[in-house]
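Colleague: I have not looked at this one before, could you walk me through it?
Modeller: Gladly, here it is.

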Amino acid sequence: MSVNERTPRLHPVNRLIRDLGKDEALRERLVSDRQSLYSDYGLGAQEIAGLEEGSISALERVGVHPMYRMHWLMMSQPEAAGALSVKEYIDKARSGAGNG
């Protein structure tokens, strides 16, 4: 069995966030044509709502991997990302603050 056969496929919402981190054109589409981008990744209404809400708990509810939650914040709300340190983000995630 190959590594690819043993490795589970990324959930579409996680694949989108991973790809956004690698591709400037996708990040531009996130700003200019978000709904089409979501559609191209096959996201459902609940996943889209979770991404749009953007809270830690909303991202968790729709299956965003913990590693990708802060990535989403940085890409979807760059102004917020600049105002929040990684330590503050982790503290909030651990305490449940800002989850709603």
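This is a predicted model: local features need pLDDT of at least 70, side-chain atom pairs count only at pLDDT 80 or more; totals for chains, interfaces and linings use all residues.

Colleague: OK, the core then. How many residues does the largest nonpolar core have, and which have the most contacts inside it?
Modeller: The largest nonpolar core has 18 residues, and those with the most contacts inside it are Leu16, Leu20, Tyr38, Leu43, Leu51, Val64 and Trp72.

Colleague: Which helices supply at least two residues of this core?
Modeller: At least two residues each are supplied by α2, α3 (24-32), α4 (34-40), α5 and α7 (66-76), and the largest share, four residues, comes from α2. As a general background, nonpolar side chains in soluble globular proteins tend to be buried together.

Colleague: And what does Leu16 touch?
Modeller: If residues up to four places away in sequence are not counted, Leu16 touches Leu37, Tyr38, Tyr41, Leu43 and Leu51.

Colleague: Let's switch to α5. Which of its residues are buried?
Modeller: The buried residues of α5 are Glu47, Ile48, Gly50 and Leu51. They lie on the same side of α5, because they cover an arc of only 160° around the axis.

Colleague: What is exposed on the other side of α5?
Modeller: Ala45 and Gln46 are exposed there, on the other side of α5.

Colleague: And what covers the buried residues?
Modeller: The cover over the buried residues of α5 includes α2, α4, α6 (56-61) and α7.

Colleague: What comes after the helix?
Modeller: α5 is followed by Gly54, whose phi is positive, near 75°.

Colleague: What about Ile48, what does it contact?
Modeller: Ile48, which also has its place in helix α5, is in contact with Gln35, Tyr38 and Leu43 once its neighbours within four places in sequence are left aside. It counts as buried because its relative accessible area is 19%, and the cut-off for buried is under 20%.

Colleague: How far apart are Ile48 and Arg34?
Modeller: They are 14 residues apart in sequence and 9.8 Å apart in space, going from C-alpha to C-alpha.

Colleague: New topic, Asn14. Where is it found, and is it buried or exposed?
Modeller: Asn14 is found in helix α2 (residues 12-22), and it is buried, with a relative accessible area of 6%.

Colleague: What lies 2.8 Å from a polar atom of its side chain?
Modeller: The backbone nitrogen of His65 lies at that distance from a polar atom of the Asn14 side chain. Not counting residues up to four places away in sequence, Asn14 touches Gly63, Val64, His65 and Tyr68.

Colleague: Last one, Arg29. With which side chain does its own side chain make a polar contact?
Modeller: The side chain of Arg29, a residue found in helix α3, makes a polar contact with the side chain of Ser36, at 3.1 Å. Apart from its neighbours within four places in sequence, Arg29 is in contact with Arg34, Ser36, Leu37 and Asp40.

Colleague: And why does Arg29 count as partly exposed?
Modeller: Arg29 counts as partly exposed because its relative accessibility is 24%, and partly exposed begins where buried, under 20%, ends.

How values were computed. Residues are numbered from 1 along each chain as its sequence is written. Side-chain values use heavy atoms; hydrogens and water are left out. Buried means under 20% relative accessible area, exposed over 50%, partly exposed in between (1.4 Å probe, protein chains only). A polar contact is a pair of N or O atoms within 3.5 Å; within protein, one must be able to donate a hydrogen and the other to accept it, and residues adjacent in sequence count only if both atoms are side-chain atoms. Contact means heavy atoms within 4.5 Å. A nonpolar core is a set of buried Ala, Val, Leu, Ile, Met, Phe, Trp, Tyr and Cys residues joined through side-chain atoms within 4.5 Å. The arc is that of the directions from the helix axis to the C-beta atoms.
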